[in-house]
Each structure stands twice: as C-alpha cells, then as structure tokens.
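Biologist: Can you take me through this chain? I'd like the fold, then some side chains.

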Amino acid sequence: MSDFAPTSSSPGEDLSLPKATVQKIVSEILPKDIAISKEAREAITECSIEFIMILSTQLNDIAEKEAKKTIASDHVIKALEELGFHNYLDIINKVLDEHKELLKGKEKKNNKFLNSGLTEEELLKQQEELFKKSRDRLQGSGSPGAQEIKQEN
C-alpha cells in the first residue's frame, strides 16, 4: 500500500472507508447521467485512504514538533500547506469558520443557565428550596434511611 501505513495496525488488517459514504460523495459530485464502475469506486477509496494516511502522518509530525497531544484544526491547515494543497486552504478556512459559528450557536442553545432568564442568585435560591423540600420529604417519611438522617441532624 504505502510508506505511510500506520504501525499500530496488524498485518492482516485492511483499512477502508464505508462504501455508501464514498458512493454518496461521488454521486453528489458527478452529473446524474454518469455512472461509476466498482473498480473506479475502489480506486477512489484507496486514494482517499492514502491521502488520509499521508495527512495523518504530517499531522502527527506537526503535533510532535509542537509537543501537543491533540491535533487541532490549525495543524490540519499547516499540514495541507506543507503538503502543497494551497488551492484548498480558502475553502477549508471557510468551512472551519462556519463550523466554529455553528458550535457557538449550539453552546448558546445548550446553556440552560443563560436560557433560564434568571440571575445566578435566583437559581441558587431555587436550588436551595428544592434541597429543602427534598430533605423535608425524606425526614417526613418513616424509612430507616430517613431515621438515620434525622438522628445525625
């Protein structure tokens, strides 16, 4: 296959990409009246795997030089520059910017504190009230656990 084959894979292990994914990508790019043979699809898959292995090796080298254990998007851009894929950097930067904006939107949606419309003090007060109700309920029941809690207090 390649000089870039990962050292961690066993000799009999084949690397591949999902056939449906490759087919979908190719189908979206090619005109509808063009068919692609099985051999051509396999060649595209092999080339894609080769590209990913070369890029991964480059990414690993960059991360090691920077003493990083996590590969970041900046490393991907740098690796593509080093590999001579300058023509793709504009579109990649655009996609990265869109992804960052999407993440910002998700963070805002998922932040229950900000979405509650209450101040931190109001939320803390509500939390304390819930704890008190829970303690009162527990102490009011006749279960053995409740009796132990009553004795400790």
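Modeller: One definition before the count: helices here are DSSP runs of H or I with at least four residues, and strands are runs of E with at least two. Keep in mind that this is a predicted model.

Biologist: How many helices and strands does the chain have, then?
Modeller: The chain has seven helices and zero strands. In sequence order the pattern reads α-α-α-α-α-α-α.

Biologist: What share of the residues is buried?
Modeller: Of the 153 residues in the chain, 12% are buried. The accessible surface is about 12600 Å², and carbon and sulfur atoms hold 55% of that.

Biologist: And the contacts, what fraction comes from residues 24 or more positions apart?
Modeller: Among contacts with a separation of 6 or more, 36% are between residues 24 or more positions apart.

Biologist: Switching to aromatics. How many aromatic pairs are there in the whole structure?
Modeller: A search of the whole structure gives two. In one of them, Phe51 and Phe85 have ring centres 5.3 Å apart and planes at 80°, so that pair is edge-to-face.

Biologist: Which parts of the chain does that pair tie together?
Modeller: Phe51 sits in helix α2, residues 38-65, while Phe85 is in the loop between α3 (73-82) and α4, so the pair connects parts 34 residues apart in sequence.

Biologist: What about the rings of Phe85 and Tyr88?
Modeller: Their centres are 6.0 Å apart and the planes meet at 50°, so this pair counts as tilted. Through ring pairs, Phe51, Phe85 and Tyr88 are linked into a cluster.

Biologist: How accessible are the three?
Modeller: Phe51 is partly exposed at 32% relative accessibility. Phe85 is partly exposed too, at 27%, and Tyr88 is partly exposed at 48%.

Biologist: Which residues form a nonpolar patch with Tyr88?
Modeller: Tyr88 forms a nonpolar surface patch with Ile91 and Val95, and together they have about 300 Å² of accessible area.

Biologist: Where is Val95, and why is Val95 called partly exposed?
Modeller: Val95 lies in helix α4, residues 89-110. Its relative accessible area is 46%, and partly exposed covers values between the 20% limit for buried and the 50% limit for exposed, so the label follows.

Biologist: Is Asp90 buried or exposed?
Modeller: Asp90 is exposed, with 67% relative accessibility. Asp90 belongs to helix α4.

Biologist: How far is Asp90 from Ile77?
Modeller: The C-alpha to C-alpha distance between Asp90 and Ile77 is 10.0 Å, and they are 13 residues apart in sequence.

Biologist: Last topic, His75. Where does His75 lie, and why does His75 count as buried?
Modeller: His75 is in helix α3. Its relative accessible area is 5%, and buried means under 20%, so His75 falls in that class.

Biologist: What does the side chain of His75 make a polar contact with?
Modeller: The partner is the side chain of Glu66, with a polar contact of 2.7 Å.

Biologist: Which residues is His75 in contact with, leaving aside neighbours within four places in sequence?
Modeller: Beyond those neighbours, His75 is in contact with Leu59, Ile62, Glu66, Lys68 and Thr70.

Definitions and conventions. Residues numbered from 1 in each chain as written. Predicted model: local features only at pLDDT ≥ 70, side-chain atom pairs only at ≥ 80, totals over all residues. Heavy atoms only, no water. Patch = residues over 30% accessible without salt bridge, like charges linked within 9 Å, V, L, I, M, F, W, Y side chains within 5 Å. Areas by Shrake-Rupley, 256 points an atom, 1.4 Å probe, with all protein chains shown as cover. Salt bridge = Lys/Arg side-chain N within 4 Å of Asp/Glu carboxyl O. Buried < 20%, exposed > 50% of the residue type's maximum accessible area, 1.4 Å probe, protein only. Phe/Tyr/Trp six-rings, centres within 6.5 Å; stacked < 30°, edge-to-face > 60°. Contact = heavy atoms within 4.5 Å. Polar contact = N/O pair within 3.5 Å; in protein donor to acceptor, adjacent residues only side chain to side chain.
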